[in-house]
Amino acid sequence: MLAGDYQKTRLDNGIRVLTESVPHVQSLSIGVWILVGSRDEEEFERGISHFLEHMLFKGTKKRDTFAIANSMESLGGSLDAFTYRDLTCLYVRCLQEHMDKALDVLADMLLNSVLDPSEIEKEQAVVIEEIQNVEDTPDDLIHDLFAKSIWGSHPVGEPILGTRETVRSFNREILKHFLDTHYRPDRIVISAAGNVNHRQLTERVRELFDISPSSLPPWKRERPGDPDRREQHFPRDIGQTHICLGTTAYAYTHPKQYDLIVANTALGGGMSSRLFQQVRERLGLAYSVYSYVEALEDTGLFGTYLACDRKRVTTAIDVVKSELLKFQDKGITDAELSSCKAQLRSELIMGVESMDRRMSRAATEEIYTGRYFPPEEILASIGGVTAQGVLEAGRKHMNEDRMHLVTVGP
């Protein structure tokens, strides 16, 4: 059995507590997941989810910035966070014996952040440097520009970091209003995996995360549309041209999701993939080339990426389009299907050995589907993928008539 002992409890205030007990390890990963991200921001709030995530590390009523940073590191653990298009997460990895301390720190950050104006001002400068770093890194920048093309005017396609103008406008009042509006118990999932006792952890969460149920109406998101294809070039004085070609894709819960994942693996998921072999190994057109799938609650993205010399851009794009056309026409071979399934199976099994991966997987499955999928069930889904299903996924997502093309370079 690959699955641990999974349990779920919904507290009276709406917080969901998930645990996957793996008794033979000594470590523990705990994540506090909030169902809010960049897609939930108003235009004047662009980047506020990410900025607020930073500010949660900048002092509480009983811990200053250093005390927060040192709280888990002094015990040999780690404390970190990230913001995504539709999620924000604070997480800890530590020894099992430090569970109480980890939960206390996470609750303190979430519930007692002081949002000091002087710290806000300093962090504005830090985040603006982060935005500048993306703009100076074309292989990061292009993915923001590509998402904007794919999703059009919908906020799900906006840069997670926001803009210089919005970040400079943030103050304590704006941040506090966003926190009170979105960080509510019915939108919080606390997930833990490792050497954990569900009852003990749940009771500590009940004590520490004593948040009153929200009086606000249930949150409802607007699904993004499927904008018409377009081609855009963003001039940059750099040596290479960076290229993204792709379209919208299946949402996280789509029943054919694994067909697309297998198609993506065959097309550009590794060194043995078609794009890598054709673009890099046979023709020497690029150093980096791959395809990828991004699945969200109600939409998704399928993309291909490469970077090459400006004089070879047309050739490179034609080669990628040719590979997409071949996939639409003939699909996947039996050998490729077997190889891709083996890759995905191994990735899942090796991921089970990571408590961080277990914790994250349980949380995202709960958030997107409302249930837990044992690894054996996922392996069965991978095993059930057929060549016909992969062909249909390829025809839907590799159709040039739906493709957005974004380039960054000279």
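This is a predicted model: local features need pLDDT of at least 70, side-chain atom pairs count only at pLDDT 80 or more; totals for chains, interfaces and linings use all residues.
**View 1. Helix 1 and helix 7 pack against each other at an angle of about 100°.** Helix 1, which covers residues 48-55, and helix 7, which covers residues 172-182, have their axes 11 Å apart. Because angles of 65 to 115 degrees count as roughly perpendicular, the two helices are described as roughly perpendicular to each other. On the side of helix 1 the contact is made by I48, S49, F51, L52 and M55, which meet I174, L175, F178 and L179 of helix 7. Sorted by class, this contact has eight nonpolar residues and one polar residue, with no charged residues.

**View 2. Strand 9 and strand 10 are joined by a hairpin.** Strand 9 (residues 289-295) pairs with strand 10 (residues 300-309) in the antiparallel sense, and seven bridges are found along this pairing.

**View 3. Strand 8 pairs with strand 10 and with strand 11.** Strand 8 spans residues 240-248, and eight of its nine residues are buried, so this strand is largely enclosed by the rest of the structure. Strand 8 and strand 10 run antiparallel and are joined by nine bridges, with C244 standing opposite Y305 of strand 10. Strand 11, made up of residues 404-409, also runs antiparallel to strand 8 and is joined to it by five bridges; here L245 has L405 of strand 11 as its bridge partner.

Notes
Residues are numbered from 1 along each chain as its sequence is written. Side-chain values use heavy atoms; hydrogens and water are left out. Axes are lines fitted to C-alpha atoms, for helices over the stretch in contact, and angles run from 0 to 180 degrees between N-to-C directions. Helices (H or I, at least four residues) and strands (E, at least two) are DSSP runs, numbered from the N terminus. Angles under 35 degrees count as roughly parallel, over 145 as roughly antiparallel, 65 to 115 as roughly perpendicular and the rest as oblique. Contact means heavy atoms within 4.5 Å. Ala, Val, Leu, Ile, Met, Phe, Trp, Tyr, Cys and Pro count as nonpolar, Asp, Glu, Lys and Arg as charged, and the others, Gly among them, as polar. Two strands pair if DSSP finds at least two bridges between them. Buried means under 20% relative accessible area, exposed over 50%, partly exposed in between (1.4 Å probe, protein chains only).
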